[in-house]
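Biologist: I have some questions about the wording used for this model. Could we go through the labels together?

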Amino acid sequence: MQITKAPSVRLATLACAVSLSTAALAETVTIGTVNNGDMIRMQALSSAFEAAHPDIDLEWVILEENVLRQRLTTDIAANSGQFDVMTIGMYETPIWGENGWLEPMNNLPSSYDVNDIFPSVRGGLSYDDTLYALPFYAESSMTYYRKDLFAAAGLTMPAEPTWDQMREFAVALHDPSKEQYGICLRGKAGWGENMALVTTMVNAFGGSWFDMDWNAQLDSPAWHEAINFYVDILGNYGPPGASSNGFNENLALFNTGKCAMWIDATVAGSFVTDASQSQVADQVGFAAAPKQKTSKGSGWLWAWALAIPVSSDAKDAAREFVTWATSKEYSELVADEYGIAAIPPGTRASTYENQAYLDAAEFASMTLSQMQKANPNDQTLNPSPYTGVQFVAIPGFSGFGTVVGQQVSGALAGNTSVDQALRNANQVVNREMRRAGYQN
């Protein structure tokens, strides 16, 4: 965990003469956020915000994804008020908004242009037509692959590959003697870690979390087929210790040339093509997230967003920061400092109408295509009673989703069989659903 003040950047010099007396009166806004690249960048650039707002002092709490979710959930449920700004997503926002835990994001300035935000993103961060968080970036998932390795092996990546094709490619390109692994996927347990990828895989194999009567389906043929496939392809053709790898770990592996293929968030596009971060920046190809029996639900839909808990004692200052950090002005600052391809993706239509961005960000068209295909209301081959592509939008999912993630991760690590893991998972989910009143 890091608790830090924002480091200086070049633009901070614009207001370096903040007086000691003003600083002494500054109101502190405590921000809880996740330790991914875009959020670290936001922290770095926030000195520009502080320079323009000498009456506001930012304090950062930066945590690993699973830990962040536990801390924020505990804080807001207990009304503790430790945070003034929370980094949450499409799962938490509607549920917490319905509970009355979040400040509504009403009366935004016209310059914010809220209608520029994609309707699917606004809808995912709303409850009862009220917006409760502002999107920092939004994403689907897609396939990243090494064009040089594919060319050398005489392989061609289809625009919309199947999981069977991904396995053929992984077998052909797996060469541990060169630290070159056929495929990298999330293996770290967590409803937002391995289960994000696994749920899209289950969707593609024709499965779902529940039938229309809210009976758990984790012991169904579709789940067995998908999880056996996952354990086989990642266990045999993935990197060592794959059950410990989440987004950040796989990003580091891909950028150091150790993954022939990687299926993960579209937001990674700017990082894998940035030569200052990626050793394979000029060799990255892009394709859709793999389908199998169906393409419905094969790519997820998510937004990391900034929200203000009602327990905050600095709501006005927090709103100033949240509005700034998700604005067009912030994107322009990122473009000035890091290049236009690095601006937060997936939230605003104007980004994808900007030819300069499309020219610089070769991943942009695939990002937009994948986001437009993802439908949280029609995500499974057979009808299902829930919304959400890679999660189930009900209050108990964060708990039982993580337990299922632990079972799947245990099967990947060889600690239990797939059959036993899915029997255990199915029992846990059914028990929680009965307890919550979904089943008789």
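Biologist: Happy to start with a pair of helices: what is the handedness of the crossing of H2 and H12?

Modeller: The crossing of H2 and H12 is right-handed. A crossing gets that name if the near helix is turned clockwise from the far one, and it is left-handed if the near helix is turned anticlockwise by less than a right angle. Before we go on, this is a predicted model, where local features need pLDDT of at least 70 and side-chain atom pairs count only at pLDDT 80 or more, while totals for chains, interfaces and linings use all residues. Residues are numbered from 1 along each chain as its sequence is written, and side-chain values use heavy atoms, with hydrogens and water left out.

Biologist: Which residues make the contact of H2 with H12?

Modeller: From H2 (residues 37–52) come Met42, Leu45, Ser46, Ala48 and Phe49, and from H12 (residues 315–325) come Glu320, Phe321, Trp324 and Ala325. Contact here means heavy atoms within 4.5 Å. By class, seven of these residues are nonpolar, one is polar and one is charged. The axes of the two helices come within 11 Å and cross at roughly 115 degrees.

Biologist: Thanks! Why is H7 called roughly parallel to H9?

Modeller: The axes of H7 (residues 163–173) and H9 (residues 221–237) cross at roughly 15 degrees and come within 10 Å. Angles under 35 degrees count as roughly parallel (over 145 is roughly antiparallel, 65 to 115 roughly perpendicular, the rest oblique), so H7 is roughly parallel to H9. H7 passes H9 in a left-handed crossing.

Biologist: And which residues in H7 and H9 meet?

Modeller: Trp163, Asp164, Met166, Arg167, Ala170 and Val171 in H7 meet Phe229, Asp232, Ile233 and Tyr237 in H9. That contact has seven nonpolar, no polar and three charged residues.

Terms used
Axes fitted to C-alpha atoms, helices over the stretch in contact; angles between N-to-C directions. Helix = DSSP H or I, 4+ residues; strand = E, 2+ residues; numbered from the N terminus. Nonpolar A, V, L, I, M, F, W, Y, C, P; charged D, E, K, R; others polar.
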